[in-house]
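This report describes the architecture of a two-chain assembly, chain by chain, and then turns to the contact between the chains. The model is predicted.

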Amino acid sequence: MFVPPPILTSTAEVVAVVVLLATFGMLRAPLMTSQINLYRLQSLAVTALVVVVGATHGLVGIYILAVASFVLKVIVVPAVILSLLGEADSNIAHSNVLKVPSMVLVALVVSLFGFITIDALHLRSATLPAPALGIAVAATLVAFVIIVFRSDVISQAMGFFSLENAVSMASLTVATAVPLVMELAFLFDLLVAVVAFGMLMRVHHRRSGTLSTDPLDRLRG
Amino acid sequence: MPDEASPLFILAPLLAFACYLVVPLLIPVLTSFPLPLGYMGDILGGGIILSTAGFLVALAGTETGSPYAQLGSSRAMTFGALIEPTVLFVVFVVGLITSTDLPYAMSQAVHSSLGEVLAPAHVLAAIAFFMVVLADTGRIPIETHSGTLEFGMIDEARVLEHSGPAYAFLTWGSSIKQFILYTILIDVFVAPWGLSSSRELGSVLSAIPALLAKAMGLGVIFALIDNSFSKLRLFKIPEFIVAAFVLAVLAVVIFYLGGAS
C-alpha cells in the first residue's frame, strides 16, 4: 500500500484545518464581502486538498474534479454573489441573536461535538489523515451555525455554500474513489443552489428593500 | 514619589524588571540544552512570573489614584484574564506533543522534524500564541502602542504616573517582556534553528546573531501588522481574543481526537 510522505500528510492536515478556520472566519466576519472572500479561500483549500489526494495516491481522474471545483467555487460562485451584492448596495452582515464571541463559542461547542462523534465512530480515511473527517463534520456543523445565527440572505447563502464545501471534503475523505460523474453531479447541485439563492436574494431585496431576513419574522395582518 | 503613593509605587517597577530577567533562565534563548536553572520552572512557571510582573505594574498604576492609570490597570487585568485560557490551551498542546511542559523539550521536538512544524495542532497553537503576543505586548489591533489618546490605552495607561528611573525601568522591562515573548514564539514554536547545541563559547556566541536576525524578522511582521490594520474598538477586543482561543482549543482537539501526528 502506498504511504504518502509525512510532509504531504501534514500539508493535507493543515489544508483541512484551513477549511474549518475559514468557516469560523465566515461566522465572525462583519462584512458580506469578507464572507465571500473567505468562501473563496475555503474553496481554494478544498481544491488544494483534492490535488494533494490526487498527487499522493495517483488518482488522475480526480484532477478533473479539482479543475471544475476551482472554476466554479473559486471564480464563478463568488463573482455571481458579489454582483448580486453590488446591486443590493449593502455590505454589513446582520446577526441579532447573539454577539460574535458567543456565536464563536457556540460554534466551538458544536464542532467539538462533531470531532467527538467521529472519533467514537472510529471511521478512518484511506486517503486523508485521521483528523480530516472530524474536521469536515465540524465544518459542516459550524456552517449550520452560520445559517441559524446570521440573519441576512447573503450570509445564509454563504453558510450553505460553505456547508457544501465541508460535505465535499467529507465525501473526499470517506469515498475518494466515488465515480467522477457523481462528484460532478454534486457540483451541479451547487449551481442549482446558486441560481435558487440568487433568485431569493433578488426577490427578497425587491420586496423588503434590505438583505436582512428580520422583516420576514414580522406578523402581518 | 506622589504623596498618596506607598513605597510600592517605586518598588514595583524594579520588582517587575527582576521578574522579566528571571524568565530567560527557563526558556531556550541561545542554547538548545537547558541552563543550570532551566528545570527550575516549566512553561507555566514562566507564565506565572510574567503575570506577577504585570500584576505589580498594574498595582503601581493604582497607587496615585489617577483615573487613567487605574483605567489602564483595570483593563490590562481584565483582558489578561481573558487571554489566560488561550495560554493554557497552548500549554496543553506543548504538553501533548512533548509529554512534558518544558519549553526546551518543545523546542527540541520542533527542531527534530519539519513534519512536526507543519502538524496542524502545532500550527494552530503557534498562531494562537502569535495572537497572544500581539495582545500581551499591546500591539495593533489591541492597542496603539504610540497613541496618546488615554481613552483607548491599556498597557500604556498603567505607567502614565511614573517618571524618571522608575519609568525607565518600566519601559525597559516592557521591551524585555516583548523580546521574551518573541523568543518563546521563535525558539519554542516556529524556528528553533540556530541555537547552540554545545557548551563552547564560540557556538553560544554565534547563536546571538541568529536570534537577533529571527527576532528582527518577527519584528518586521509585527510592524507590517501595526501599519496595515486599525485598532479594534475596546468592546471588539474579546472577538480577537476568542479567535485566538478557538485556534488553541482546536489545536488540542485535533491533536487529541484526530490522533497524534
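## Overall fold of chain A

Chain A contains seven helices and zero strands. Its order along the sequence is accordingly α-α-α-α-α-α-α. Chain A has a radius of gyration of 18 Å, close to the 17 Å given by the globule rule for 221 residues, so chain A is as compact as a globular protein of that length.

Taken along the principal axes, the C-alpha atoms of chain A fill a box of roughly 65 × 35 × 25 Å. Of the 221 residues in this predicted chain, 46% count as buried. Among contacts in chain A with a separation of 6 or more, 75% are between residues 24 or more positions apart.

## Helix 3 of chain A

Helix 3 of chain A covers residues 62–88, and its 27 residues should span 39 Å at 1.5 Å a residue; the end C-alpha atoms are 38 Å apart, which agrees. After helix 3 of chain A comes Asp89(A), which has a positive phi, near 55°.

The buried residues of helix 3 of chain A are Ile62(A), Leu65(A), Ser69(A), Lys73(A), Val77(A), Pro78(A), Ile81(A), Leu84(A) and Leu85(A). In general, an α-helix has 3.6 residues a turn, so residues three or four places apart point the same way. The cover over the buried residues of helix 3 of chain A includes helix 2 (32–57), helix 6 (153–174) and helix 7 (180–208) of chain A.

Helix 6 of chain A, with 22 residues, reaches 32 Å from its first C-alpha to its last, close to the 32 Å expected at 1.5 Å a residue. This helix is mostly covered, as 18 of its 22 residues are buried.

Ser168(A) belongs to helix 6 of chain A. With 24 other C-beta atoms within 10 Å, Ser168(A) is buried, because the cut-off for a buried residue is 20 or more. Apart from neighbours within four places in sequence, Ser168(A) is in contact with Val46(A) and Phe186(A). By contrast, Arg202(A) is 34 residues from Ser168(A) in sequence and 28 Å away in space, C-alpha to C-alpha.

## Overall fold of chain B

Chain B has 10 helices and zero strands, and its pattern along the sequence is α-α-α-α-α-α-α-α-α-α. The radius of gyration of chain B is 19 Å, close to the 18 Å that the globule rule gives for 261 residues, so chain B is as compact as a globular protein of that length.

The C-alpha trace of chain B spans about 55 × 40 × 30 Å along its principal axes. Buried residues account for 44% of the 261 residues in chain B. Of the contacts in chain B with a separation of 6 or more, 77% join residues 24 or more positions apart.

## Tyr20(B) in helix 1

Helix 1 of chain B (residues 8–22) contains Tyr20(B). Tyr20(B) has 22 other C-beta atoms within 10 Å and is buried. Beyond residues up to four places away in sequence, Tyr20(B) touches Ala53(B), Gly173(B), Ile176(B), Lys177(B) and Ile180(B). Thr31(B) lies 11 residues along the chain from Tyr20(B), and their C-alpha atoms are separated by 19 Å.

## Nonpolar core and the contact between chains

The largest nonpolar core has 142 residues, of which Val19(A), Leu49(A), Ala128(B), Ala248(B) and Ala251(B) touch the most other members. Helix 10 of chain B (residues 237–258) provides the largest share of this core, 17 residues. Leaving aside neighbours within four places in sequence, Ala248(B) is in contact with Thr86(B), Phe89(B), Val90(B), Ala125(B) and Ala128(B).

The contact between the chains takes 21 residues from chain A and 19 residues from chain B. On the side of chain B that touches chain A, helix 5 (114–118), helix 6 (120–136) and helix 10 of chain B each supply at least two residues. Helix 10 of chain B gives the most to this side, with 10 residues. By class, the side of chain B that touches chain A comprises 14 nonpolar, four polar and one charged residues.

Notes: Residues numbered from 1 in each chain as written. Chains lettered and ligands numbered in written order. Predicted model: local features only at pLDDT ≥ 70, side-chain atom pairs only at ≥ 80, totals over all residues. Helix = DSSP H or I, 4+ residues; strand = E, 2+ residues; numbered from the N terminus. Rg over C-alpha atoms; globule rule 2.2 N^0.38 Å. Buried ≥ 20, exposed ≤ 12 C-beta atoms within 10 Å, placed from the backbone. Contact = placed C-beta atoms within 7 Å. Core = buried A, V, L, I, M, F, W, Y, C linked by C-beta atoms within 7 Å. Nonpolar A, V, L, I, M, F, W, Y, C, P; charged D, E, K, R; others polar. Expected span 1.5 Å × (residues − 1).
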